[in-house]
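Work through these exercises with the model open in your viewer. Try each task before you read its solution.

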Amino acid sequence: VRSRVGCLIEAPGLYGNMSAYDNLNIKCKLTGIKKKGYIDELLKTVGLDTVGEKKTKHYSLGMKQRLGIALALVGEPDLLILDEPTNDLDIETLEILEDYLDGFAGIVITVSHDRYFLDRTVDRIFAFEAGGHLTQYEGGYSDYKEKCVSSIYNVSGNGISKGAALSGNGLVSGSGAAAGGM
């Protein structure tokens, strides 16, 4: 089951004295992946193919986040759990991530305060609102915000909303500002 789930929890846990290639190689060995060129493909997917042999302790925060995304993709998971996946990403990598998620056939669960990312990547939002109510909203963040302004559970006013959103074939969740709490 574990190999079918990819996970990035806010800041990826990396071995700083090892290269991106070596970090990915460890995860590949743990999941039984021996396909030649697989790690190079992952590095290329996240734009780290030219720095794959550099020790990760010398990476910028954005490069570390890119590697964290690559680690989450090891084993071609059916379920991706992404906690703040857009943290420290440059525009190019953000677009790579959005394009990847757009074509991803599995389920994606994410927590994000990046409203624009949610607008571009989700089809449905589930919001935990005042009083513990769970409400489903069709569309992205802008659609959610528009609909909840007229709701009796106006999360912009109470700031206690947490939410989830459906992306393509899967579930994406957000909390705080991501789901409308300002």
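**Exercise 1. A side chain and a backbone oxygen**

Which backbone oxygen lies 2.7 Å from a polar atom of the side chain of Thr121?

Solution. Start with the source: this is a predicted model, in which local features need pLDDT of at least 70, side-chain atom pairs count only at pLDDT 80 or more, and totals for chains, interfaces and linings use all residues. Residues are numbered from 1 along each chain as its sequence is written, and side-chain values use heavy atoms, with hydrogens and water left out.

Step 1. Find Thr121 in helix 5. Helices (H or I, at least four residues) and strands (E, at least two) are DSSP runs, numbered from the N terminus.

Step 2. Look for the partner. The oxygen belongs to the backbone of Phe117.

Step 3. Thr121 counts as buried because its relative accessibility is 11%. Buried means under 20% relative accessible area, exposed over 50%, partly exposed in between (1.4 Å probe, protein chains only).

**Exercise 2. The chain as a whole**

Task: count the elements and give their order.

Solution. Step 1. The protein chain has 7 helices and 7 strands.

Step 1. Read from the N terminus, the order is β-α-α-α-β-α-β-α-β-β-α-α-β-β.

Step 2. Of the 182 residues, 43% count as buried.

Step 3. Turn to contacts, meaning heavy atoms within 4.5 Å. Among contacts in the protein chain with a separation of 6 or more, 62% join residues 24 or more positions apart.

**Exercise 3. The sheet**

Task: give the strand order, the pairing and the bridge partners.

Solution. Step 1. 3 strands form an open sheet in the order 1-2-3, and the pairing is parallel. The edges are strand 1 (5-9) and strand 3, each pairing on one side only. Averaged over this sheet, neighbouring strands are turned by 5° against each other, direction ignored. Axes here are lines fitted to C-alpha atoms, for helices over the stretch in contact, and angles run from 0 to 180 degrees between N-to-C directions.

Step 1. Strands of a sheet pair through backbone hydrogen bonds, either parallel or antiparallel.

Step 2. Take the bridges. Strand 1 and strand 2 pair over 5 bridges. Strand 2 and strand 3 are joined by 5 bridges. Two strands pair if DSSP finds at least two bridges between them.

Step 3. Pick out partners. Leu8 has Leu82 of strand 2 as its bridge partner. In strand 3, Ile107 stands opposite Leu79, and Val111 stands opposite Asp83.

Step 4. Sort the faces. In strand 3, Val108 and Thr110 make up the covered face, and Ile107, Ile109 and Val111 the uncovered one.

**Exercise 4. Helix 3**

Is helix 3 largely enclosed or largely open?

Solution. Step 1. Count the buried residues. Helix 3 has 11 of its 13 residues buried, so the rest of the structure largely encloses it. Among them are Met63, Arg66 and Leu67.

Step 1. List the packing partners. The buried residues pack against strand 1, helix 1 (20-30), helix 2 (38-45), strand 2 and helix 4.

Step 2. Place the helix on the sheet. Helix 3 lies across strand 1 and strand 2, at about 160° to strand 1.

Step 3. Look just past the helix. There, Gly75 takes a positive phi of about 90°.

Step 4. Leu48 sits in the loop between helix 2 and helix 3. Leu48 is buried, with a relative accessible area of 1%. Leaving out residues up to four places away in sequence, Leu48 touches Leu43, Tyr59, Met63, Arg66 and Leu67.

**Exercise 5. Helix 4**

Which residues of helix 4 are buried, and which are exposed on the other side?

Solution. Step 1. The buried residues are Thr93, Leu94, Leu97, Glu98 and Leu101. They share one side of helix 4 because they cover an arc of only 140° around the axis. The arc is that of the directions from the helix axis to the C-beta atoms.

Step 1. On the other side, Ile91, Glu92, Asp99, Asp102 and Gly103 are exposed.

Step 2. Name the packing partners. The buried residues of helix 4 pack against helix 3 (61-73), strand 2 (79-83), strand 3 (107-111) and helix 5 (115-121).

Terms used
Polar contact = N/O pair within 3.5 Å; in protein donor to acceptor, adjacent residues only side chain to side chain.
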